[in-house]
Amino acid sequence: MIRREACPQCGSTWYKRNGHIHIGKQNHRCKLCGRAFVQLLENSVITEEQRALIERLLVERISLRGICRAMGVGLR
């Protein structure tokens with residue numbers, strides 16, 4: 001887990017709590033730039049094998065959203 005000490009966009013440490021995201025984590029909003037972010041971030045790394053499989057599925061013209069749901073990875 002990574003704990004952010006500043007806004008990921010502008011680097012400001014001036015932020016406030018701003019409700020919760022859909023899975024229950026605390027959301028924060030920067031008071032300078034207005035960006036919303038989660039302070040405790042979990043990195044989920046997509047392996048090279050998963051990337052290759054996703055690329056092959058995209059060639060088969062399956063929708064990207066469907067592939068992401070089936071593979072259990074985020075859209076980005």
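In what sense do strand 3 and strand 4 pair, and over how many bridges? The pairing is antiparallel, and 3 bridges make it up. Keep in mind that this is a predicted model. Every value below was computed from it.

Strand 3 spans residues 26-30. Strand 2 pairs with strand 3 over 4 bridges, again in the antiparallel sense. Pick out some partners. Y15 stands opposite C30 of strand 3. R17 has H28 of strand 3 as its bridge partner. Now turn to strand 4. There, F37 stands opposite H28.

Next come the turns. The hairpin of strand 2 and strand 3 has 5 residues between the strands. In this hairpin, G24 takes a positive phi near 100 degrees. The hairpin of strand 3 and strand 4 also has 5 residues between its strands. Here G34 takes a positive phi, near 85 degrees.

In a regular strand, side chains alternate between the two faces of the sheet. With that in mind, look for rings. How many aromatic pairs does the structure hold? It holds 1. The partners are Y15 and F37, and their arrangement is edge-to-face. Their ring centres are 5.4 Å apart, with 75 degrees between the planes. Y15 belongs to strand 2 and F37 to strand 4, so the pair ties together parts that are 22 residues apart in sequence.

Y15 has a relative accessible area of 21%, so Y15 is partly exposed. F37 has a relative accessibility of 3%, so F37 is buried.

Stay with the sheet for one more residue. N27 sits in strand 3. Its relative accessibility is 13%, so N27 counts as buried too. What does N27 touch, leaving out residues up to four places away in sequence? The list includes K16, R17, N18, G19 and H20. It also includes A36, F37 and V38.

W14 and R29 are 15 residues apart in sequence, yet their C-alpha atoms are 9.0 Å apart in space. Beyond residues up to four places away in sequence, W14 touches C30, K31 and L32.

Now move on to the helices. Helix 1 runs over residues 48-59, and helix 2 over residues 64-71. Their axes come within 10 Å and cross at roughly 145 degrees. The crossing is right-handed. Which residues make the contact? Helix 1 supplies Q50, L53, I54, L57 and L58. Helix 2 supplies L64, I67 and M71. By class, the contact has 7 nonpolar residues, 1 polar residue and no charged ones.

An α-helix has 3.6 residues a turn, so residues three or four places apart point the same way. Go back to the contact list with this rule in hand. On helix 1 it includes L53 and L57. On helix 2 it includes L64, I67 and M71.

Which residues of helix 2 are buried? They are G66, I67 and C68. These buried residues pack against helix 1. Finish just after helix 2. There G72 takes a positive phi of about 75 degrees.

Definitions and conventions: Residues numbered from 1 in each chain as written. Predicted model: local features only at pLDDT ≥ 70, side-chain atom pairs only at ≥ 80, totals over all residues. Heavy atoms only, no water. Pairing = 2+ DSSP bridges. Helix = DSSP H or I, 4+ residues; strand = E, 2+ residues; numbered from the N terminus. Axes fitted to C-alpha atoms, helices over the stretch in contact; angles between N-to-C directions. Left-handed = near helix turned anticlockwise from the far one by under 90°. Contact = heavy atoms within 4.5 Å. Nonpolar A, V, L, I, M, F, W, Y, C, P; charged D, E, K, R; others polar. Phe/Tyr/Trp six-rings, centres within 6.5 Å; stacked < 30°, edge-to-face > 60°. Buried < 20%, exposed > 50% of the residue type's maximum accessible area, 1.4 Å probe, protein only.
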